[in-house]
Amino acid sequence: MPYRQLKEKTLEMLYRNTHFSKNELDALFTMYRRLVTSAQNAAPTSVIAQPAAKIDGIDQNTFRDVMHNTFDLVTEDVVLDRVWLTWERGVNGGEGALKFEAWARGLSVLLRGTDEEKKSHCFAVYDMNNDGYITRDEMFTLLKNSLLKQPGDEDPDEGVRDLVELVLRKMDIDKDGKLSIEDYKQAVEQEPLLLEAFGQCLPSKRHAAAFIKTLVNK
Amino acid sequence: MAEGDNISTFSVDGGQDTVGLPRIVMVTEGSDTSASSPSSTSSSEDNWADLIKSSEIPPEYWHIQKLVKYMKAGNQTATMVALSCLKDHDLTIEVNQRAIQEIGGLELLVNLLETRDLCCILGGLAVLRDITPNIEIRKKVTDLGAIPLLVGLLSDPARDVQILAAETIANLGRIRKSRKFCRKFGGIPKLIDLLDIKERCLITQREELNQDELQFLDISRAGAKALWSMSSSQRNREAMRKYGMIPLIARILKTIHLDVAVPAVGLLQLCANETSFQLAIQTEKMVDDLITHLANEDKDLKTYCSLAIYKCASDAITRDMIREAGGLELLVEAAQDSTNRANKPLMAAVTGALWKCANSDASVKKLDNLGAVPILVRLLDDENDGVLTNVAGALAECAKYPPNRDKIRIAKGIPMLIHHLNNTHKPLLENVPLVLMECAREHNCMIEIDELDGVRLIWSLLKNDSKKVQTNAALALSPCVQNAADSGEMVRSFVGALELTVDLLDSDDHNVLSAVCAAIATIARDHENLAVISDHGVVAKLSKLVSTTDDHLRGNLGVAIAYCCDWAQNRQEFGKRGAITPLVNYMTSRDPNVHRATALALYHLSFYSINCVTMHAAGVVQFLLETIGSKDPILQEASAGCLCNIRKLALATEKIKLKQ
């Protein structure tokens, strides 16, 4: 098991690179350790009489639980998966479990991110193929379930397609039929409501504030 | 939000306040009671029906309805997208507002306020704020229970929410029901909290404030707007005072920002209907700030400042403060400015303020220095009744100072004033006679009034059904009758005038009675006229009034009786009708005017011996022995004369007894 206590060096670095105070980082580390330990204990054994695979960070299941239960981030699976995938994992990148530094840095954006950080985060989530543009098809996938299917609808997707057109028309500043990061940032600048236009991927300010309060109280 | 629309109309019988409320007469929009709303909606219903029939509904209408449908059927994400598209439309046009209303959008928007999601709330509020100026929507939204939700949102930690909620409440507050709900759901203290802002933010230029401070400024502006709207209800004003709004308003008045000052002063002037606020303006030293704002170029701000001054200038100390702060100069300047003429609310407010401020000698002198009288006379040609009433009131105050009477005449004011006697607007008719009353004391003015048939017109005002008009007209008659050339002839030439005057003695209003008695006292100096009014039964009517305890009435009644004695059997009749004993009782009053009047009456009555006996029996001698030493020459003479007559009678009786 890695460090039982947060190394000074790591603490320093995180303090500089995130929006958390040192006390908050300590508390986050404690929480991190707890989550990892309980995940490890709950892990099923793959082969009988052999120890379970080592979980050395926050895995996707734990991640989903935290998002749902602690941050009340109830959203489409598509979106949540994207959040998981786009989470900054540091130099090595990849899609594995989150070590503490990555976890802390990501939470910093989610809970206390500047407007710029949040915009970048959301855009990355919505840009499903990571090509720097949010296209019509990606929008459709993200918004597919956002309208209740009415019984009388001939084509239930028609409303969604219309919604996609509306959003595109509103946000596509350079009129090239897709949203670049510049388009997105400018549009959100003018109309803040559009930050999470394709699905909730940030905890609400209320929950973020409540969570941080509990950190300090621990 | 159209700032001008927040001026309300007040009348003495508006039922909102106790007697003594300053009367404001202004051009206004109709008050927003439910009584007046149906008429305005029926006309807009007609327009709407026509529009639908002509199928000229713009595509925007359908587009908006589609967006609302998406909001209904959508999850939070879809709702946000639809809301942001909705905000792109101009939601202040009626067509678009109707679009939202007719597809059930209002229920949806009010529901959004109940969600816990910040973005939904912000989006919903932004739309509501823009559509609630529509009168139908206001009513609907209130009925849907928006007010308690909005009041709750006022405590939300997000400042944007507070601002939008307050601005929406300000729009909704134009309906009485909303104002009541806001109070019942505890909205007033919360709104007052929004006003609490550091003075630094108020007095520093916007460029030098940081983000937070700018937002605080916006919050207090929104709070002021909402409270302004709420203050149309008297109970709300009372609540505002109770919850400690006064010091906060005093602080906000110091602001240099126009957009904050306008709602703050608007709020203050509406609250100034209450005497508690009028006093507060004085004690919290708000006068200086008010005058500073009065100097501002913005016409609306000037109007509200003038209104505030109008309402609080009934107190002498406040008047002094206004004068010392340079208020009169600014008001005269505004009255003089010809570009203001078209702005009737402004003109009415400014002239009203001048009227109330002129109620002290020092102010009248100051106004003279500023050349106010000719300026006011020039305004007598205005079309607006409210302006005219106030101008006449101001001139009446100025004319109390003798040199001004000629100034009015030279500025050609007399013909215009007399012309206005034909108007039907009662407040105007109350004030014009007062001007003429003062002017009639000046010889040249009186000549002009006479030439223009002014006295007859004043006399015919006695037929008006307003008691105040009757009173003031009667008051004006005394100097007119006294100073007119050939006054006796003149009075006799007015057909039915004397009968009308005597009939007014049947009125039940004491002010009317006092004024009429004063007039009768003057009329009765002419013997022929005295004969006429005696024929009309003036003695009987005067005798009936003798039992009054009102000192003001007693003062005038005594004089009337005194001068009515000098004809035929009037003296005797007074005695027979039992007027003497009550009169003697008047001497117990503390009012020196009453003493004088009573002494005069008794003196004239005492020329009939039986009256002397009655007086003596009623114990008049002890009073007269005191008043004989008075410094008031008329009182002294009358008392002496009366005693003399009584003594003569006593001596004569003695002689007869001795002879026997």
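Modeller: Helices (H or I, at least four residues) and strands (E, at least two) are DSSP runs, numbered from the N terminus. This is a predicted model, in which local features need pLDDT of at least 70 and side-chain atom pairs count only at pLDDT 80 or more, whereas totals for chains, interfaces and linings use all residues. Residues are numbered from 1 along each chain as its sequence is written, chains are lettered from A and ligands numbered from 1 in the order in which they are written, and side-chain values use heavy atoms, with hydrogens and water left out.

Colleague: In which loop is the place of Ser507(B)?

Modeller: Helix α33 of chain B covers 497-503, and helix α34 covers 510-523. Ser507(B) is in the loop between α33 and α34 of chain B.

Colleague: Does Ser507(B) count as buried or exposed?

Modeller: Buried means under 20% relative accessible area, exposed over 50%, and partly exposed in between (1.4 Å probe, protein chains only). Contact means heavy atoms within 4.5 Å, and, not counting residues up to four places away in sequence, Ser507(B) touches Lys467(B), Val512(B) and Leu513(B). Because its relative accessibility is 17%, Ser507(B) counts as buried.

Colleague: How many of the eight residues of helix α18 of chain B are buried?

Modeller: This helix spans residues 287-294 and is mostly covered. Its buried residues are Val287(B), Asp289(B), Leu290(B), Ile291(B), His293(B) and Leu294(B). They pack against several helices of chain B, including α15 (245-252), α17 (275-283) and α21 (327-336). The number of buried residues in α18(B) is six.

Colleague: What radius of gyration does chain B have?

Modeller: The radius is taken over C-alpha atoms, and the globule rule is 2.2 Å times the number of residues to the power 0.38. A compact globule of 660 residues would come near 26 Å. The C-alpha atoms of chain B fill a box of roughly 125 × 55 × 45 Å along the principal axes. For chain B the radius of gyration is 33 Å.

Colleague: What area is buried between chain B and chain A?

Modeller: Buried area is the accessible area (1.4 Å probe) that two parts lose on being put together, summed over both. The contact takes 24 residues from chain B and 22 residues from chain A. Carbon and sulfur atoms give 59% of the area. The total is about 1,900 Å².

Colleague: How many salt bridges are there between chain B and chain A?

Modeller: A salt bridge is a side-chain nitrogen of Lys or Arg within 4 Å of a carboxyl oxygen of Asp or Glu. One such bridge joins the side chains of Asp162(A) and Lys66(B), at 2.8 Å from N to O. The count between the two chains is four.

Colleague: Which element gives the most to the side of chain B that touches chain A?

Modeller: The elements that give two or more residues to that side are α2 (59-73), α3 (76-86) and α6 (118-131) of chain B. With eight residues, the element that gives the most is α3(B).
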